[in-house]
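Here are my notes from going through this one. Have the model open as you read, and check each point against it.

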Amino acid sequence: MIQFTLEDRNGERQPVEIPEGINLSLMEVLKASDYNVLATCGGMALCATCHVQVLEGLDALPPARDAELDMLDTLPDAEFDSRLSCQIRVDEALEGGIFKIKGPEQ
Amino acid sequence: MITTDICIIGAGPVGLFAVFEAGLLKMRCHLIDALPQVGGQLSEIYPQKPIYDIPGYPEIKAQELVDNLMEQIEPFHPTFTLGERVEALERQDDGSFVITTNDSTSVHCQVVVIAGGLGCFEPRKPEIQNLEQFEGKGVAYMVKNPEQLRDRRVVLAGGGDSALDWTIFLANIAKEVTLVHRSDSFRGAPDSAEKVFELAKEGRVNLVLQSTITSITGSGHLQEVTITAKDKTVTTLAADNLIPLFGLTPKLGPIADWGLRIDKAAISVDTTDYSTNVERIYAIGDINTYPGKLKLILSGFHEAALMCQSAFKYVYPNQKLSFKYTTVNGIPTF
Ligand SMILES: Cc1cc2nc3c(=O)[nH]c(=O)nc-3n(C[C@H](O)[C@H](O)[C@H](O)COP(=O)(O)OP(=O)(O)OC[C@H]3O[C@@H](n4cnc5c(N)ncnc54)[C@H](O)[C@@H]3O)c2cc1C
Ligand code: FES
């Protein structure tokens, strides 16, 4: 099991457990867990509405690629620890991480 | 005042195709879009992406589909108001409507079709507490007339192409140009990024990297911009203008206040003709909702066809509509 924590827009935290070997993005996990995330482009790094801030565990994640960095640059509220949840695969790298939902609501 | 049969709000693929369906029934259309170009999400978000589920096209690029739609509706001579957002809708005594935009363009029409997709594309605004208070008083989200910035102290924010391009352009016009960007490199065109770094070296542009704007102050008009760096150091700059350039994001906007039945930011419709709860107003494409709705271009095209069959009765109250294939009559134009 991979365990990490999601923090909603009100600052409330919820632990999440995902079985290993499941090929999902963090955005898909957010949607499946009924978090109100827009994800307009469906995970193509084209809309930046799946924005999350990585409060813990940023260094463990693979670095953002060009498409993700391009989109993050369009976000006025992007912080130095911002990522697009659709570009983050759910695997061991997420273990113990804390992700805060930042994107606009649906 | 512009006069037409059908006023279509939104020039995305669905609004564009509605012109074709209306044209077959000899109804004229005027389209309004908040964006400066037609095409909606296809042109704004993914112009170069291929689409695979348009019947008859195994693969077509989004912008190509928009170009083809424009060619397909050309015989019906639709008219356009682009770069303006529809704000208000007023019912006339005879049941028709007058629609007004934020730039005071008025359109008189018999039927209103809302093809507004995800909503109106509006500028992404940084989270600065009293930002809206300074809009029009030093804060703007696009450069409409660069001459107005001549000899002013301008702060730009963002790291994409438009932030870079305007920094380069304004370096020759403004008294002082500062570009604030959250990272230490630019994702925009490498040529432009290089030029900005050169201008900074020459002292013609003030480059503030790894930083964000955290507050603004002024009495009546913008006077100061406060910038916080990644290492938490805070600097305050005197500024006459602040232009955050972070692209666009869709919002439902003024349509939400028109008395239409709304369900989760979409307009509820009757699936027999995609009419709303308000007579003579229809909603098609991504902006509507009904059981089983699929937010696909294909679905929007189907909705446009049924909507036009129903709208006909308001445009030609004394005529009976008879359905004909385009293969029978070709494309009869006006
Ligand atoms: C990345 C991505 C990939 C996609 N891929 C596919 C695909 O492969 N196949 C498919 O079928 N669909 C796809 N879609 C979905 C498809 O783009 C939408 O279903 C389609 O764009 C809906 O068209 P529309 O005309 O209803 O709305 P939109 O394309 O959203 O256009 C609506 C227009 O209305 C304007 N507007 C809204 N409110 C106002 C107002 N008050 N005043 C003035 N103008 C206003 C907006 O500015 C906008 O231009 C994709 C979407 C995305 C984001
Ligand atoms: S869902 Fe659009 S960028 Fe992630």
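1. Which side chain has an N or O atom 2.9 Å from an oxygen atom of ligand 1? That would be Gln41(B). Bear in mind throughout that this is a predicted model.

2. Backbone atoms get involved with the ligand as well. A polar backbone atom of Ala34(B) sits 3.1 Å from a nitrogen atom of ligand 1, and for Lys295(B) a polar backbone atom is 3.5 Å from a ligand oxygen. On its own, ligand 1 has 1000 Å² of accessible area, and the protein covers 94% of that.

3. As for where the ligand is, ligand 1 lies between chains A and B. There are 36 residues around it, and the ones that come nearest are Asp33(B), Tyr46(B), Val86(B), Asp286(B) and Ile297(B).

4. What does the shell look like by class? Around ligand 1 you'll find 20 nonpolar, 10 polar and 6 charged residues. In terms of secondary structure, chain B gives at least two shell residues from each of α1 (13-24), β3 (29-33), α2 (40-44) and β11 (120-123).

5. Now the protein-protein side. Chain A puts 17 residues into the contact and chain B puts in 16. About 1700 Å² is buried between the two chains, with carbon and sulfur atoms giving 58% of it. Asp73(A), Pro76(A) and Phe80(A) are worth a look here: together they supply 42% of the area chain A buries against chain B, more than any other three residues.

6. How many salt bridges does the rule find across the interface of chain A and chain B? The count is 1. Its partners are the side chains of Asp73(A) and Arg182(B), at 3.4 Å from N to O. So Asp73(A) turns up in the salt bridge and also among the three residues of chain A with that 42% share, given that a salt bridge needs a side-chain nitrogen within 4 Å of a carboxyl oxygen.

7. Beyond that, the two chains have 4 residue pairs in polar contact, counting pairs with both residues at pLDDT 80 or more.

Methods. Residues numbered from 1 in each chain as written. Chains lettered and ligands numbered in written order. Predicted model: local features only at pLDDT ≥ 70, side-chain atom pairs only at ≥ 80, totals over all residues. Heavy atoms only, no water. Contact = heavy atoms within 4.5 Å. Buried area = accessible area lost by both parts, 1.4 Å probe. Polar contact = N/O pair within 3.5 Å; in protein donor to acceptor, adjacent residues only side chain to side chain. Near = heavy atom within 4 Å. Areas by Shrake-Rupley, 256 points an atom, 1.4 Å probe, with all protein chains shown as cover. Helix = DSSP H or I, 4+ residues; strand = E, 2+ residues; numbered from the N terminus. Nonpolar A, V, L, I, M, F, W, Y, C, P; charged D, E, K, R; others polar.
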